[in-house]
Amino acid sequence: MTDMKKQNGAVLLTGGAGYIGTHTTVALLEAGFDVIVADNFSNSCPEAINRVEQITGKKIKLYEVDVADQKQLVQIFAENKITGVIHFAGFKAVGESVKLPIKYYRNNLDTTLTLLECMARFGVKNLVFSSSATVYGDENPSPCVETMRTGKCANPYGMTKAFIEQILVDVAAAHKEMSIVLLRYFNPVGAHPSGLIGENPGGIPNNLMPYVSQVAVGKRDKLTIFGNDYNTPDGTCQRDFIHIMDLAQAHVKAIEFVEKNCGLDVFNIGTGEPYSVLDLVQTFEKVNGLKIPYEFGARREGDLPVVWADVSKAARVLGWKAELNLEDMCRDSWNWQKKNPHGINSSRN
Ligand code: WQD
């Protein structure tokens, strides 16, 4: 099985040096796929790829390119036999996207369109796209189901995901030979259990788990919980946190799925279980044996009270479901943070 996959060619991961990309690279290598990474390190670093090589004991073919640069991308397709692509490359900071919408639309749409042109030119038909639960917007009650109407997102980052989904729907309709999967991630957290790779945000983290981890390691004084007057059991927002190792495994299932099917399919990737912000903080304290100082603050603009996934389609069609729980997520996030208090940054030798 492994050898057959290798003979068939490699999977190209755009943005493969990032948080989700590195964990997916590990999962694909362990499942016997050959992987090529294309990344411009705009929000990642070459050391992350060294760490993946350390974990897997395998060498990764790495291209430092901007996926929106057609010439550079063509070279990757010309030099390698690529059987499928997982497209992670894109900007993802919600707040920055509100301030710099043109930058977000330009980058996220350009990378995708250039990639699609390149795939068409080289006859590569299989694509998995890194989408987000953000496409469900604020009009759909949870649990979110793949058949719900999407596209009314609260910020330009989310809109880039919704626009790209629409582009891919149109491409799949026009090119029947194409096989495309959209994975809508809920709230990815956690890290590889080795603590060698994990989420590496620059500056002050926007997301909950990196913020909690940085409080734990002493980089931040305390966590502010944005709102405790929501109509939820403990007053704080509820989310569907999903362990990055489970998320990575979903990409293995998705790439196997696109290899066997045609058309376009959409899958929610979450656990299907909502936990509150306070649940996460208390679990983090319990499993790691430490205190997270926190205070309640005002609600954050744009936050929805409750977001979680219906994950039955991924189980039924992909044969995938999350195996790890909130305790695993909190333990592995802290293991990564304490081993890398300042993240990782050095360059690849
Ligand atoms: C979770 C909960 C906050 C920080 C965002 C994007 C989404 C996706 C994932 C992808 C909320 C609360 C947070 C803090 C807090 N992006 N919180 N104090 O907003 O569900 O989703 O990240 O690339 O598109 O919108 O995740 O981790 O920011 O927040 O109280 O310091 O934690 O209010 O209720 P969110 P999050």
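**Figure 1. The shell around the ligand.** By class, this shell holds nine nonpolar, six polar and four charged residues; Ala, Val, Leu, Ile, Met, Phe, Trp, Tyr, Cys and Pro count as nonpolar, Asp, Glu, Lys and Arg as charged, and the others, Gly among them, as polar. The model is predicted: local features need pLDDT of at least 70 and side-chain atom pairs count only at pLDDT 80 or more, while totals for chains, interfaces and linings use all residues. Residues are numbered from 1 along each chain as its sequence is written, and side-chain values use heavy atoms, with hydrogens and water left out. The ligand is surrounded by 19 residues, where a residue is near a molecule if one of its heavy atoms lies within 4 Å of it. The closest are L208, T224, F226, R239 and D303. Strand β8 gives the most to the shell, with four residues. Helices (H or I, at least four residues) and strands (E, at least two) are DSSP runs, numbered from the N terminus.

Figure 2. An oxygen atom of the ligand lies 3.0 Å from a side-chain N or O atom of Y157. For N187, the distance from a ligand oxygen to a side-chain N or O atom is 3.0 Å. For R300, the corresponding distance is 2.9 Å.

**Figure 3. Helix α2.** This helix (residues 19–30) has 12 residues and reaches 17 Å from its first C-alpha to its last, close to the 16 Å expected at 1.5 Å a residue; the expected span is 1.5 Å times one less than the number of residues. Of the 12 residues in α2, 11 are buried. Buried means under 20% relative accessible area, exposed over 50%, and partly exposed in between (1.4 Å probe, protein chains only). After α2 comes G32, with a positive phi near 100°.

**Figure 4. Two loops.** F41 sits in the loop between β2 (34–39) and α3 (46–56). F41 is not a glycine, yet its phi is positive, about 60°. With 14% relative accessibility, F41 is buried. In the loop between β5 (126–132) and α7 (156–174) lies P143. A cis peptide bond, with omega about 5°, joins S142 and P143.

**Figure 5. Cysteines.** The structure holds zero disulfides, a disulfide being a pair of cysteine sulfur atoms within 2.5 Å. C330 is buried, at 0% relative accessibility. The closest cysteine sulfur to that of C330 is in C237, 17 Å away, too far for a bond. C262 is exposed, at 55% relative accessibility.

How values were computed. Polar contact = N/O pair within 3.5 Å; in protein donor to acceptor, adjacent residues only side chain to side chain.
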